[in-house]
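Please look over the chain as a whole before turning to its parts. The paragraphs below begin at the surface and then move to the fold and to one helix.

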Amino acid sequence: PVAPFTVASPALGLLLVFRTNTSYQRWVEARSVWTRIATQSKNAIRMASTFASEPFKTDVSDDERKMEMDMVLTSLQNLSMSSYIFARTLQQHLRGPEEEEGYILDLERCG
């Protein structure tokens, strides 16, 4: 009665190792894609902040300069929030409906 298990166990072991390796490779690939998304989002915000910090026009009044700076800051905040919402929405889509309540609270908090 032990002979069938003895014959089948090496094949079963190879099958399990193959499935484990494939699963791990998929996880590593997903993790690297998530890292690229996060990095590119941060880079976009960083580049926008750099371009926005360039000197403003010097031949305008203080009120106009303040208004322009406020517009730039508002635009940067909107870009930052949009980037966060994109990443959070993708995370929610991948995790599934179990954590939808926390996702909705995050969206409400973002305005």
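Which residues make a nonpolar surface patch of about 300 Å²? The patch is made by Leu12, Leu15 and Leu16, where a patch takes residues with over 30% relative accessible area and no salt bridge, joining like charges within 9 Å and nonpolar side chains (Val, Leu, Ile, Met, Phe, Trp, Tyr) within 5 Å; a salt bridge is a side-chain nitrogen of Lys or Arg within 4 Å of a carboxyl oxygen of Asp or Glu. Accessible areas come from the Shrake-Rupley method with a 1.4 Å probe, and for residues only the protein chains shown count as cover.

The model is predicted, with local features needing pLDDT of at least 70 and side-chain atom pairs pLDDT 80 or more, while totals for chains, interfaces and linings use all residues. Residues are numbered from 1 along each chain as its sequence is written, and side-chain values use heavy atoms, without hydrogens and water.

The chain has 3 helices and 0 strands, these being DSSP runs (H or I, at least four residues; E, at least two) numbered from the N terminus. Its C-alpha atoms fill a box of roughly 95 × 30 × 10 Å along the principal axes, and 11% of the 111 residues count as buried (under 20% relative accessible area; exposed is over 50%, partly exposed in between, with a 1.4 Å probe and protein chains only).

In helix α3 (residues 100-110), the buried residues are Tyr103, Asp106 and Cys110. Seen down the axis of α3, these fall within an arc of 60°, taken from the directions from the helix axis to the C-beta atoms, so they line one face of the helix. The face turned away from them carries the exposed residues Glu101, Leu105, Glu108 and Arg109.
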